[in-house]
Amino acid sequence: MPGFFKNKVFWSGVMALVATLILINMTSSERENITLLERILRDTYAPLQSRVTEMRDYLSGPRSIFIQKQELSERIAELEEEIARLNLSNQILRENEEEIKRLRSIINFRDNNLDKYELLAARVIARSPNNWFQSIIIDKGSIDGIEKNMPVITSKGLVGRVGSISQHTAQVNLITDREIAVGATLQRSRETSGVVEGMVEGNLLKMINIPYYASVKPNDIVITSGLSEVFPKGIDIGVIYQVTEEPNGLLLSATVVPTVNFSKLEEVMVITDFWPVSEETEAELPALAEE
Amino acid sequence: MCYLIHFLLPFLAVFLQSTVFGFYSIKGTLPDLVLVFVICFSIVNGAGKGTVYGFLCGMLEDLYLGRFIGINAIAKALTGYITGRLQKGFFRENIIVGATAVALGTLLNAAVLLVLSRIAFPSFHIDEQFVQGVLYQFAYNIILAAPLYGWYYRSSRIGLLKLPGEK
């Protein structure tokens, strides 16, 4: 028998390894609550991380003063042009919104518009310290009414959902994380209900489960389908970049460029009052419409 | 004092990675400062102590992340053990030795994490993005390793980081 089998250090190592593997297994699925130790660690870091973020914002202020005047003038002109264009499209959208409201009231359809939700603004104070998990820490926690699985967005689109929460902070798992899957549909064709998931590294997404006959092409906008029960319907996720055929030939997959720039996230909004439509209610909707 | 600094180093590393380096990542890839410290520690203090230190540092990172707790602890303990074993027969005062150990340690750590991820998360797969991420981190870690190893080695010989009983 080899000598190391009699070695106490060897057996301590084996026991530590087994205990750690059990711990990995226990924490691999979503947990309702984080442990006291994790909470203390997170809340200890939070004020320090907030200071660094504030300092960074403060230091980036003077730098912007030195931006060329001409560059600023060009940017103002561009923005004015964009405002004029957006004003016009706003008028059309307002009209459409009123029409939709009228039609929905006729068929007793559940209002799913984003503007009806309560939004809580939060600052990003830290990011995941490694490349394996894509998450951010925000400066709002259980004390501010944040709960697990609340959707997180910006004005550009979907960011992710709340994972673990401490008293003053919350960890938001980004949609680029490989553990997050979002029910998605294509805004143009509406015929596809796929799933968008994070890729292992980088800031790209992958849309899977697209039937081979689906009309999908680059630059199509991908939005939430509302079927994942965590995210409201109609939030922008990204834009199709490339479509590829899966080896089985029955399905397509697509690389999606997110509308949100995750490496430059500074502020986000948490939807605090989204209650997903249950499957039973969803099933009743066509019947209600017919009535 | 040296124990306190060794205790605070991984806390500082996680703090820097989640803030400063988070804002200055290379194409979304962060360095692994905790790993760099673990490797520096292992080269100077040997495989046994390196394994324990790697385990504790990895566990701290896991507790902060809150998911798959223990995955980084095992990966960093194993990396600490192997780099601690390999240091025998090399001139440890040479920065190139430190940088090479960090380079090999980064690849080893990624390989262990990959194996553990495959066990814990069966649908995990390697793609171009994954390889690219490891390579960026490899480069980032080497850049940080040269000055950090030089500082660590000097401090552990004649400075604040010298462990009691070390020659």
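Colleague: Why does Val44(B) count as buried?

Modeller: In this predicted model, Val44(B) has 3% relative accessibility. Buried means under 20%, so Val44(B) counts as buried.

Colleague: Where does Val44(B) lie, and which residues is Val44(B) in contact with, leaving aside its neighbours within four places in sequence?

Modeller: Val44(B) belongs to helix 3 of chain B. With those neighbours left aside, Val44(B) is in contact with Arg92(B), Tyr149(B), Tyr152(B), Tyr153(B), Ser156(B) and Arg157(B). Between Val44(B) and Gly98(B) there are 9.5 Å in space, C-alpha to C-alpha, and the two are 54 residues apart in sequence.

Colleague: What makes Ala181(A) count as partly exposed?

Modeller: Its relative accessibility is 44%. Partly exposed covers values between the 20% limit for buried and the 50% limit for exposed, so Ala181(A) counts as partly exposed.

Colleague: Which residues does Ala181(A) touch, not counting residues up to four places away in sequence?

Modeller: Ala181(A), found in strand 6 (residues 181-186) of chain A, touches Val195(A), Val196(A) and Phe231(A) on that count. Glu197(A) is 16 residues from Ala181(A) in sequence and 4.7 Å from Ala181(A) in space, C-alpha to C-alpha.

Colleague: How do you know that the reach of helix 5 of chain B is close to the expected value?

Modeller: Helix 5 (residues 71-86) of chain B has 16 residues. From first C-alpha to last, this helix reaches 23 Å, against 22 Å expected at 1.5 Å a residue.

Colleague: What do the buried residues of helix 5 of chain B pack against?

Modeller: These buried residues, among them Ile71(B), Ile74(B) and Gly84(B), pack against helix 1 (8-26) of chain A together with helix 3 (33-45), helix 4 (47-65) and helix 6 (95-120) of chain B.

Methods. Residues numbered from 1 in each chain as written. Chains lettered and ligands numbered in written order. Predicted model: local features only at pLDDT ≥ 70, side-chain atom pairs only at ≥ 80, totals over all residues. Heavy atoms only, no water. Helix = DSSP H or I, 4+ residues; strand = E, 2+ residues; numbered from the N terminus. Expected span 1.5 Å × (residues − 1). Buried < 20%, exposed > 50% of the residue type's maximum accessible area, 1.4 Å probe, protein only. Contact = heavy atoms within 4.5 Å.
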